[in-house]
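Reader: Could you walk me through this structure, one question at a time?

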Amino acid sequence: MNWNLYSRGDKFFAIVVSILIGMFTVATLYPFIYIAAVSFSSGFAAQAGKVVMTPIDATVEAYKYILVQRDFWISYRNTFIYTIGGTVMSLLFIIPGAYALSRPQLIGRRFFNLFIAFTMWFNAGLIPFYLNMRDLNLLDSMFGIILAFAVNAFNIILLRNFFEAIPQSFEEAARMDGANDFQVLWKVFIPLSKPAIATITLFCIVARWNGFFWAMVLLQSQEKIPLQVFLRHTLATLSDDDEFAITQLEAAYSAETVTAAIIVCSIIPVLLVYPWIQKYFEKGILLGGVKE
Amino acid sequence: MTSGSENKRSQNIPVAKRKRSLKSRLQWFADHVRNHWQIYLMLLPTIVWFMVFLYKPMYGLQIAFKDYSIFRGVANSPWVGWEHFQALFSNDQFIRAVSNTIKISALNLLFGFPAPIILALMFNEILHATYKRTAQTIVYLPHFISSVIIAGIVITAFSPSVGIVNTILGWFGIDSIYFLTKPEWFRPIFVGTGIWQEAGFGSIVFLAAIAGVSPSLYESAVVDGASRWQMMWRITLPSILPTIIIMLIIRIGNIMEVSFELIILLYQPATYSTADVVNTFVFRQGLQNGQYDFAAAAGLFNAVVAFVLVMIANTLARRYSRTSLW
């Protein structure tokens, strides 16, 4: 479309739409700016409801309060362990599994595909899953968290669909050279599927980084909890703890500024990788037009 | 399977004549395994994982019909029939949770479903590439933020003392409201948060559908002197209608799925009356109060209803996409 060909009405319409999009964008961004402003404000200013856009009585006291806590750093480290370990574990299951399911030679292929797809439609639910984890002795286990959430039907089907779309001739050429299935997967399919694998890696990383519910339910030791659970503990204790609020009323930090500071600390890594991952997820979500 | 010519020949022979003796079938199977054992080896870990982590809990679902005790285990606990279900349906909290699930989903559908479509239509009207790109990058972002952080932001923003919402209300002389303790405010806040978090990301699917609309339609509309507004209504929207209908069917199929993680983080006893959904009810009764069998029954009810809805939705979506393609 060309701006010069637009009628006056079209131009008016385009300007209105641009303004509306701008407003929605600002509305999306604003809560983050607000939280950042609160985190750098004094507790007193925050309590008085003075913070709107920029820090009031700028201070880093809230960050000092957080960053000296050993538990904060342990949970931060744990989140990295869960994210990296979990993503690697996921790929170790998903890539070979999706390859096998995409092979026409596989006997029972329809059955296995249904076996996997069925879990997208029917799920036993929280309680049987929890009791199963207990029976498997995987409560309060870091390895349990990494293993038990490694695979899901959606990611396997997504990658399987991608593998199925690879022309037969690529595989045949490799077979001519005497390649076996492992070599075909490693040397032909994986290099050809980089965008799909990158997408799945991204999904895994995001899910792991943000995962909180099962970590909260399954993990008891302070030493093992990820950042999200630490954040929740802090949120809960700070908002319940009136004493904290009262004693800190005149102080440089308050429950709210500390909360905001933790939020900022846990968003920063996401913001750092976000521009890098953005080019993948638009493609990825479209690959995910799952057909079973 | 051994050579290309044999394959071709077997395809030309009618099925009835292709029946082979047991011996030759065993021979074929042995060859098959010798040639292709690697793909079975690759599949094995995934299948075992699904059995252990997803199918074994389905076996464990039988506790919904048992008087489960931790010490006896799943298999040895005595059967009690439909007792837990009878208790469920005479439990006011459970009935309330089912009703809340449907109400929250309905609100999500009403307000959350159109939002990404409108957003996609608007993005499509923006000519300035950098402006569009930047806006898209920003509105996709909240999708990647964890529900704990979202909850932290909501709690801070709506707090009676520090919260920006009450600060703004204060400018208009309105007394501060403790939003998160008010049952009537829970659903608007929850649904609004959902739109803020997901509308941008949800627009990707519709933008892709818009990208697939044939440019010739717009070209001839320009020749006919149509305005952009008319093109949006008469060309873009009808062209992406199949995508909209498919997405709508999928959404309706998932009506029992409410993002309960965020509810657990945002609700409190004061707001249970409007906020408690089936999954949060299961969480409290089962994982917090230890009534595993009763909670599993509630979960099973939810799963069965969800399964039926998803199956109906899948069938409708398939039938619809078949008819809309031709």
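**How the two chains meet**

Author: Happy to, starting with the contact between the chains: in this predicted model, 77 residues of chain A touch 73 residues of chain B.

Reader: Which helix of chain A gives the largest share of the side that touches chain B?

Author: That side of chain A counts 77 residues in contact with chain B. Of these, 16 residues come from one helix, spanning residues 8-39, and that is the largest share. The helix is α1 of chain A.

Reader: What separates the centres of the two domains in chain A?

Author: Chain A is assigned a domain 1 made of 3-68 + 228-268 and a domain 2 covering 70-218. Contact between them takes 6 residues from domain 1 of chain A and 8 residues from domain 2 of chain A. Taken over C-alpha atoms, their centres are separated by 36 Å.

Reader: Which helix gives the most to the side of domain 1 of chain A that touches domain 2 of chain A?

Author: Two helices of chain A, α3 (61-67) and α13 (227-240), each supply at least two residues of that side. The one giving the most has 4 residues there, and it is α13(A).

Reader: And what separates the domain centres in chain B?

Author: In chain B, domain 1 is 4-76 and domain 2 is 83-325. Each domain of chain B brings 6 residues to the contact between them. On the domain 1 side of chain B, these residues are 4 nonpolar and 2 charged, with no polar ones. The centres, over C-alpha atoms, are separated by 39 Å.

Reader: What is the radius of gyration of chain B?

Author: The C-alpha atoms of chain B fill a box of roughly 90 × 75 × 30 Å along the principal axes. For a compact globule of 326 residues, the radius of gyration would be near 20 Å. Chain B instead has 27 Å.

Reader: How many residues of helix α12 of chain B are buried?

Author: The secondary structure of chain B comes to 17 helices and 0 strands, and buried residues make up 36% of its 326 residues. Helix α12 of chain B covers residues 215-223 and is hardly covered. Among its 9 residues, the buried count is 0.

Conventions
Residues numbered from 1 in each chain as written. Chains lettered and ligands numbered in written order. Predicted model: local features only at pLDDT ≥ 70, side-chain atom pairs only at ≥ 80, totals over all residues. Domains from an automatic or database assignment. Contact = placed C-beta atoms within 7 Å. Nonpolar A, V, L, I, M, F, W, Y, C, P; charged D, E, K, R; others polar. Buried ≥ 20, exposed ≤ 12 C-beta atoms within 10 Å, placed from the backbone. Rg over C-alpha atoms; globule rule 2.2 N^0.38 Å.
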